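Here's a quick briefing to read alongside the model. Take a look at the structure first, then work through the notes by topic.

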Amino acid sequence: MEYILHVLVYWAFFSVLALSLDFAVGQLGILSLCHSAFFGVGAYTSALLVLRLDAPFWLSLPAAALIAVLLALPLALASRRLRHDALVVASLAILLITVELLKNLRGITGGLQGLAGIPDPVGGREAWICLLLLLLGISLWVWYTITQSSAGRSFRAFRDSPELAVSLGVVPGRTLWAGLSVSAGLAGVAGAFFASYIGYINPTVFGFDQSVLLLSMILIGGAATASGPLVGSAVLVLIPELLRFTPLTTPKVGAIQQALYGLALLIVCLWRPRGLMRGYRFH
Amino acid sequence: MTLTLEIIKNGLFQGSLIALIAVGFSLVYATTRVFHIAIGALYLWSSYVAVFVGQNHGSLAVACIAAAAAAALLGLLLDRSLYRRFQTMEASGSIRLLGSLSVLIISSGVIALIWGNQPRGVSWWSPQATVFRGFVLSSSDAYHLGAALFTGVTLGLLIHRTNLGLHVRACADDASLFELLGHPSNRLRALVSVVAAIPVGLAAGLQAYRIGIDPAAAWPITVSGVVAAIIGGRSLVLGPILGAMLIGLVRSGTTFLFSDYWKDTPVYLLLLIILLVHRRALREPV
């Protein structure tokens with residue numbers, strides 16, 4: 001039962017992350033590879049406040065969201081100026097720079113050794129699953145509210161045709177910043193919860209593999225849909241868990257996971273561009 | 001002064017390795033408009049081929065030739081199976097990039113599954129070192145520099161002095177017009193993918209000679225090569241080589257000024273700055 005709850009907790013975490021990424025990918029059309037950077041800085045912000053300043057966990061949440069939102073600024077700037085593969089590469093560069101800073105500012109972040117002993121504010125797996133399902137519910141509510149609003153329509157207009165959207169009065173800078181702020185803020189909050197649930201974080205958790213995994217969840221599930229991120233995260237969370245029942249060692253399980261994520265991404269790119277839930281198709 | 005020259009020397013030798021990757025990337029990207037990040041996969045597979053051939057044969061030259069051949073074959077396979085499909089689908093630049101990236105991810109996973117993620121030393125080769133006017137020069141550095149010079153001269157002559165090179169430049173400038181004039185672009189791209197992969201295999205073979213296999217090192221070398229190619233602009237050979245030398249100097253300087261931990265950070269920062277400042281740093285998708 002503990003194991004099933006743990007898997008559910010992980011699914012809930014990744015569903016929240018995937019939903020937050022959908023604002024960038026599905027709504028704004030930005031194939032961002034730096035989403036795990038927002039997740040990571042949120043986690044580190046919360047962990048540092050709790051560990052170094054003895055701040056209450058619940059007060060660290062807005063701080064985590066704020067720092068993640070600030071990190072979204074270079075991506076918003078890049079989105080304003082770049083398109084297509086140039087924008088994807090720029091998002092990758094932002095991720096790599098963030099991870100390098102997390103790895104090398106050892107006095108603050110602990111470097112590759114990370115931060116350990118992050119206190120659990122909730123206690124008990126059952127309490128965590130309730131909390132995360134609540135967070136998922138709130139994320140879904142935020143997703144629906146924003147995507148059904150005029151802001152959401154502006155996002156999609158900008159995604160489909162930036163020039164036409166501008167001619168219809170959509171302000172590109174403000175639209176991009178709004179969408180990416182929500183995306184990053186939600187990811188930052190998820191990061192804060194993640195740090196407290198696991199009790200230990202290090203930079204490798206928030207690296208390139210994680211970003212590709214999140215993007216794959218969106219593309220596999222279907223971008224610009226509410227169910228797509230949830231289905232995508234279910235698919236890509238369950239597969240690694242099923243591998244644990246095989247006689248393979250942990251490093252080999254990790255290697256297979258990596259290969260499967262890459263394969264899933266390739267299949268989506270080539271044959272199922274709209275994902276399982278038939279979401280937005282990237283041209 | 002000696003220290004400055006030492007930093008420059010180290011930077012140029014590092015840049016030599018990066019130049020081989022950069023040129024390979026630049027040629028494929030220019031002709032296919034695929035952000036050829038899968039070049040890292042070619043590098044990875046070639047390095048294992050180099051080590052295993054060297055283990056059985058004991059010759060660095062044979063190992064490098066085998067690595068180059070393996071890279072060429074993989075490059076051709078990649079072009080025929082994936083990149084050509086992207087052309088047919090008229091896939092967007094982002095999808096092409098993600099497809100190429102997925103090849104690198106799959107390759108990393110498969111290699112880790114088969115051989116593990118740990119670096120492997122090569123005990124039967126040991127680079128020789130000599131001291132020349134106070135500078136330590138190792139044979140591996142000399143081979144890197146020689147390979148980069150050889151690649152630069154050969155490919156430079158090929159691109160700028162032959163009919164084939166003319167076709168490559170024409171396809172790079174305007175692939176649609178190139179096809180409209182009746183030139184077989186698919187065949188040209190396949191040939192370019194083979195030729196571009198050879199220096200990558202060479203780089204993998206030489207690096208295997210120097211430090212053995214380090215799967216984790218493939219990623220920073222790939223990114224450095226890509227950044228060097230972007231810095232090089234529209235030039236197919238000379239630009240990437242000069243960009244690579246700049247990257248090498250940046251890395252060497254950073255190691256001296258800060259520490260080895262920080263050597264990749266300025267490269268990534270440079271990539272972001274170039275993309276933001278020079279909006280047309282990457283070629284327009286076909």
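Helices here are DSSP runs of H or I with at least four residues, numbered from the N terminus. By that reading, A:Thr175 is found in helix H9 of chain A, which covers residues 172-198. Keep in mind that this is a predicted model. With that said, here's the rundown.

**Where the chains meet**
- On the contact count, 38 residues of chain B are in contact with 41 residues of chain A.
- Interface size is often quoted as the accessible area that is lost when the parts come together.
- For chain B and chain A, that buried area is about 3,800 Å², with carbon and sulfur atoms giving 75% of it.
- On the chain B side, B:Leu98, B:Ile105 and B:Leu276 lose the most area to chain A, and together they make up 16% of what that side buries.
- As for charge pairing between chain B and chain A, the count is 0 salt bridges.

**The nonpolar core**
- The largest nonpolar core has 186 residues, and those touching the most other members are A:Phe38, A:Phe193, A:Ile201, B:Leu27 and B:Phe35.
- H1(A) supplies the largest share of this core, at 14 residues.
- Zooming in on B:Leu27, and skipping its neighbours within four places in sequence, the contacts are B:Leu155, B:Ile159, B:Val168, B:Val192, B:Ala196 and B:Leu236.

- A:Tyr3, A:Ile4, A:Leu8, A:Leu242 and A:Phe245 make a nonpolar surface patch of about 520 Å².
- Helix H1 of chain A (residues 2-27) gives the most to the patch, with 3 residues, and A:Ile4 lies in that helix.

- A:Thr175 counts as buried because its relative accessibility is 7%, and the cut-off for buried is under 20%.
- Leaving out neighbours within four places in sequence, A:Thr175 is in contact with A:Leu28, A:Ser154, A:Phe155, A:Phe158 and A:Val170.
- A:Ile67 lies in helix H3 of chain A, residues 57-81, and counts as partly exposed because its relative accessibility is 36%.
- Not counting residues up to four places away in sequence, A:Ile67 touches A:Val41 and A:Thr45.
- The C-alpha atoms of A:Ile67 and A:Ala184 are separated by 8.9 Å, although these residues are 117 residues apart along the chain.

**Salt bridges**
- Over all chains, the structure holds 6 salt bridges.
- In one of them, the side chains of A:Arg159 and A:Asp160 meet at 2.9 Å, N to O.
- A:Arg159 is buried, with a relative accessible area of 15%, whereas A:Asp160 counts as partly exposed at 49% relative accessibility.
- B:Arg189 forms a salt bridge with B:Glu179, and their closest N and O atoms are 3.6 Å apart.
- That pair links distant parts of the chain, with B:Arg189 in helix H8 (residues 185-211) of chain B and B:Glu179 in helix H7 (residues 175-180) of chain B, 10 residues apart.
- B:Arg189 is buried, with a relative accessible area of 3%, while B:Glu179 is partly exposed, with a relative accessible area of 40%.
- Another salt bridge joins the side chains of B:Asp260 and B:Lys263 at 3.4 Å, N to O, and B:Asp260 is partly exposed, with a relative accessible area of 46%.

Methods
Residues numbered from 1 in each chain as written. Chains lettered and ligands numbered in written order. Predicted model: local features only at pLDDT ≥ 70, side-chain atom pairs only at ≥ 80, totals over all residues. Heavy atoms only, no water. Patch = residues over 30% accessible without salt bridge, like charges linked within 9 Å, V, L, I, M, F, W, Y side chains within 5 Å. Areas by Shrake-Rupley, 256 points an atom, 1.4 Å probe, with all protein chains shown as cover. Salt bridge = Lys/Arg side-chain N within 4 Å of Asp/Glu carboxyl O. Helix = DSSP H or I, 4+ residues; strand = E, 2+ residues; numbered from the N terminus. Core = buried A, V, L, I, M, F, W, Y, C linked by side-chain atoms within 4.5 Å. Buried < 20%, exposed > 50% of the residue type's maximum accessible area, 1.4 Å probe, protein only. Contact = heavy atoms within 4.5 Å. Buried area = accessible area lost by both parts, 1.4 Å probe.
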